[in-house]
Amino acid sequence: MEEVLINPKAGFYINRDVFGAEGDFITSPEVSQMFGEMVGVWVMCLWEQMGQPDRINLVELGPGRGTLMADLLRGASKFEKFTKSLNVHMVEVSPALKKIQKITLKCNNEDSADTNLDESIATTLNGTPVSWHSTLDEVPTGLPTIIIAHEFFDALPVHQFQKASRGWCEKMIDVAEDSKFRVVLSPQPTPATLYLLKRCKWANTEDLTKLKHVEVCPKAMDLTQTIAKRISSDGGGALIIDYGLDGIVSDSLQAIRKHKFVDMLDDPGSADLSAYVDFPAIRHSAEEVSEDVCVYGPITQSRFLGNLGINFRVEALLQNCTEEQAESLRTGYWRLVGDGEVPFWEGPDEQTPIGMGSRYLAMAIVNKKQGPPVPFQ
Ligand SMILES: C[S@@+](CC[C@H](N)C(=O)[O-])C[C@H]1O[C@@H](n2cnc3c(N)ncnc32)[C@H](O)[C@@H]1O
């Protein structure tokens, strides 16, 4: 899964823009500016709870086109003390997306997109310094830190296990005689079974006995521990929003190309692979590594956005716009908080009912010093 997504030569994310109607799928920040603005409200409230520090690191993991961060910075531009405190760090592996992010954040000087991305560049949106990194470990420590991960954890590679008569075996990818990929079951338990056992330790036995398939994401557990350690030493918090479950994940790995589900073994690298996020595994991983952090949620995206005031924001924006803009604001609003029956990725068609409001969940990991973050109290 990792090779398919981020292989430096042929990975799905590496060479192109995969978002929006022309791409393969659409995400909340691309649906409406209100998403980034509401995340901005969350970040600002946490910054207040942290005692309005003069300098903080604001980190985004997997920023896609950079739209969320641009909307956050634009939305917060009137709050000068807050925006002046920010050092923005974008954690992105894809060179193509880094270039797009730089343009979205207006960090492109005249000679634009080819400028060295390792140095921090002030965005002309409000002067905030922005720098790019390939991993969270590269982001400098020592400042209070707020981390945003929107649809990042779902891109991390999972292991899948199936209960066979010989015990839990791992699903593996094999090459068949006709040179096509196929899924096979390991003849015996594999080393990754250790992660399965760890995950099962946190599950209740009744749930486990019912399951024939279990999906585990060791990278999500490791990343959560890196996040929790950083928050416990530097202060601050993290916001994770993704589609997932508040329980063990059974069999969710999926491939999407041009807004349609496809076979994940068909032409790897040409379709997005993603899996449901196992939120309890995130909670336990954070709690296991530090006593100084508290985990809140998950709550649904509609509750998260609703309690942060998206209704007031949409009303305010509707006061001052054209009829066309009003239509797009209303559609965007319902896409973000609505509860449609049809999965949102089935089409870019504006009429498609979508259900991002309950399908997506929000979780926060914060340093205990700050107390419960809004709107998780
Ligand atoms: C599903 S997209 C989400 C993009 C964006 N957050 C949004 O909501 O529009 C996943 C993002 O994570 C990046 N990414 C995926 N795997 C990564 C990894 N292992 N390290 C760093 N970035 C990664 C991708 O390039 C992409 O920017």
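The largest nonpolar core in this predicted model has 52 residues, and Trp42 and Phe304 touch the most other members. A nonpolar core here is a set of buried Ala, Val, Leu, Ile, Met, Phe, Trp, Tyr and Cys residues joined through side-chain atoms within 4.5 Å, where buried means under 20% relative accessible area with a 1.4 Å probe, protein chains only. Helix H3 (residues 33–49) gives the most to this core, nine residues; helices are DSSP runs of H or I with at least four residues, and strands are E runs of at least two, numbered from the N terminus. Apart from this core lies another one, of 28 residues, including Ile147 and Val158.

Now look at two neighbouring topics, helices H12 and H13. The axes of H12 (residues 310–318) and H13 (residues 323–337) come within 10 Å and cross at roughly 170°. Axes are lines fitted to C-alpha atoms over the stretch in contact, with angles from 0 to 180 degrees between N-to-C directions. Angles over 145 degrees count as roughly antiparallel, so H12 and H13 are roughly antiparallel to each other.

Finally, find the open sheet of three strands, in the order E12-E11-E13 with antiparallel pairing; strands pair if DSSP finds at least two bridges between them. Three bridges join E11 (residues 254–257) to E13, and Ala255 stands opposite Leu273 in E13.

Residues are numbered from 1 along each chain as its sequence is written. Local features need pLDDT of at least 70, side-chain atom pairs count only at pLDDT 80 or more, totals for chains, interfaces and linings use all residues, and side-chain values use heavy atoms, leaving out hydrogens and water.

Technical notes
Buried < 20%, exposed > 50% of the residue type's maximum accessible area, 1.4 Å probe, protein only. Parallel < 35°, antiparallel > 145°, perpendicular 65-115°, else oblique.
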